[in-house]
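Please keep the sequence and the model in view while reading.

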Amino acid sequence: YLVGYDNKKRWHSILGLTIHGFNIEEINIADDEFVSEAFIRTFRNGGFMYASCNGGDPDTPVYTDYMNKGRPLEKWAEQIPNETWEELNRSMPDNAFRYYFFTFDDNPTMTQEERHALINNTPKNSYQWKTKILGIRGKREGVIYANYMSREKNIIKLDMLSDDKADMAFLLPRGIEVITIGQDVGGTDNNVFTLNVFTKGYREHIVADMLEFNDANHDQIWDAFVKWFTPYWEKYSIYIKGGFIDSAAKIMRLTMDSRMKTYFNLRCYGAYKYTIIQRVDAGISQLDQARLLFTQKTEPCYESFQKAYYDETSKTDIRAFPKHIHKDRIDSIEYGQANYTSYMMRT
């Protein structure tokens with residue numbers, strides 16, 4: 001069985017089955033209950049399991065209860081980093097387990113050029129660098145984005161509504177691929193709209209303008225949006241692909257969709273749903289590479305990324321913020337990019 005675990009109840013699917021072989025990719029991100037059941041089935045049936053894992057939180061049960069029992073064959077022992085040996089030695093060895101450590105040189109599908117590109121474009125000393133490039137374990141701690149961004153690198157001068165070439169000097173040579181509207185309906189009644197401009201080839205994502213306000217009903221939200229958005233629609237309608245909102249905000253999405261279709265011939269879509277961790281990792285890479293950019297009109301959004309920090313105590317969101325409005329701004333930007341993130345990440 002090639003095993004998937006897209007939700008925590010997947011382990012019910014293997015109850016009662018006689019299974020002689022499992023192959024589980026990235027077992028370190030699987031649900032603990034699923035992992036436990038898979039190992040029970042393996043040993044009960046005298047079977048085998050191949051399980052790969054990236055680096056993760058070293059205290060995750062799959063490491064402490066299972067993976068750390070493995071030891072390498074003697075001829076491969078020198079390939080294991082010292083940091084990983086320290087983790088393996090937290091548990092007594094068990095001959096039923098075998099441990100191998102692979103690097104990108106062991107990947108036959110990657111060329112040397114592709115390896116260098118991946119390594120050179122992963123933020124150094126970040127969580128991704130430690131766990132995905134070096135392959136050692138670690139925890140997400142401290143600020144999330146602040147160490148990978150700066151005003152000099154990530155804030156640009158741009159006024160999309162200006163006819164002055166100086167105000168458009170950054171964008172004119174790059175060109176526009178698409179423009180989206182991101183919308184977040186905050187948990188504390190904050191509404192945030194962002195105008196997101198993607199340059200040709202999805203090279204950069206520019207957060208060009210923003211609108212935020214509190215305590216508004218659907219009519220008030222629409223009226224504020226129309227006043228803010230209409231100048232951009234009149235000038236850039238050919239590039240604007242629609243609005244993107246959290247797919248869970250169904251009533252607001254349907255309301256905006258109906259009105260945008262009537263007034264602007266646009267649609268409001270549920271944003272593609274990446275996991276929080278995927279969104280965080282993409283944000284770090286894009287900020288580090290100066291590909292996620294802000295204008296003088298969206299400096300508050302820049303500041304919100306600066307203030308985000310890790311909170312591993314939450315079961316739903318590893319991000320924490322001193323004020324909820326910071327989360328709302330970031331969510332709006334991420335929703336505005338979500339359906340084009342795959343284009344951004346392969347450029």
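Two strands are taken to pair if DSSP finds at least two bridges between them, while helices (H or I, at least four residues) and strands (E, at least two) are DSSP runs numbered from the N terminus. The model is predicted, so local features need pLDDT of at least 70 and side-chain atom pairs count only at pLDDT 80 or more, whereas totals for chains, interfaces and linings use all residues. Residues are numbered from 1 along each chain as its sequence is written, and side-chain values use heavy atoms, with hydrogens and water left out.

The sheet that holds this pairing is open and has six strands in the order β8-β7-β4-β5-β6-β9, with mixed pairing. Its edge strands, each pairing on one side only, are β8 (268-270) and β9 (292-294). From one strand to the next the twist averages 30°, where axes are lines fitted to C-alpha atoms, for helices over the stretch in contact, and angles run from 0 to 180 degrees between N-to-C directions.

## Helices on the sheet

Helix α7 (residues 218-236) packs on the sheet and touches β4 (176-185), β5 (190-199), β6 (205-214) and β7, its direction making about 155° with that of β6; contact here means heavy atoms within 4.5 Å. Helix α11 (residues 324-338) lies across β4, β5, β6, β7 and β9 and runs at about 40° to β5.

How many of the 10 residues of β5 are buried? The count is 10 of the 10, so β5 is largely enclosed by the rest of the structure; buried means under 20% relative accessible area, exposed over 50%, and partly exposed in between (1.4 Å probe, protein chains only). Both faces of the strand are covered, with Asn-190, Val-192, Thr-194, Asn-196 and Phe-198 buried on one side and Asn-191, Phe-193, Leu-195, Val-197 and Thr-199 buried on the other.

Nine bridges join β4 to β5 in an antiparallel arrangement, and there Gly-182 stands opposite Thr-194 of β5. On the β6 side, β5 and β6 also pair in the antiparallel sense over nine bridges, with Val-197 opposite Ile-206 in β6. The two strands β5 and β6 form a hairpin with five residues between them, and Gly-201 in the turn has a positive phi of about 75°.

## Loop residues with positive phi

Tyr-202 lies in the loop between β5 and β6 and has a positive phi of about 55° although it is not a glycine. With a relative accessible area of 11%, Tyr-202 is buried. Asn-265, in the loop between α8 and β8, likewise is not a glycine and has a positive phi of about 55°, but Asn-265 is exposed, with a relative accessible area of 65%.

Ser-258 is found in helix α8 (residues 250-264) and counts as partly exposed at 41% relative accessibility. The C-alpha atoms of Ser-258 and Cys-268, which are 10 residues apart along the chain, are separated by 8.2 Å.

## The chain as a whole

The chain has 12 helices and 11 strands, and its C-alpha atoms fill a box of roughly 70 × 40 × 35 Å along the principal axes. Of its 347 residues, 48% are buried. Among contacts in the chain with a separation of 6 or more, 64% are between residues 24 or more positions apart.

## The second largest pocket

The second largest pocket has a volume of about 1,200 Å³, and of the 35 residues that line this pocket, the closest to its centre are Ala-51, Ser-52, Cys-53, Tyr-100 and Phe-102. A pocket is, on a 1 Å grid over the protein atoms alone, an open set of points where a 1.4 Å probe fits, with protein on both sides within 12 Å along at least five of seven lines, and lining residues have an atom within 4 Å of a point. Grid points are joined across faces, edges and corners, and a volume is the space filled by probe spheres set on the points.

Three elements, α1 (32-44), β3 (48-51) and α5 (127-133), each supply at least two residues of the lining, and the largest share, four residues, comes from β3. By class, the lining has 17 nonpolar, 12 polar and six charged residues, where Ala, Val, Leu, Ile, Met, Phe, Trp, Tyr, Cys and Pro count as nonpolar, Asp, Glu, Lys and Arg as charged, and the others, Gly among them, as polar.
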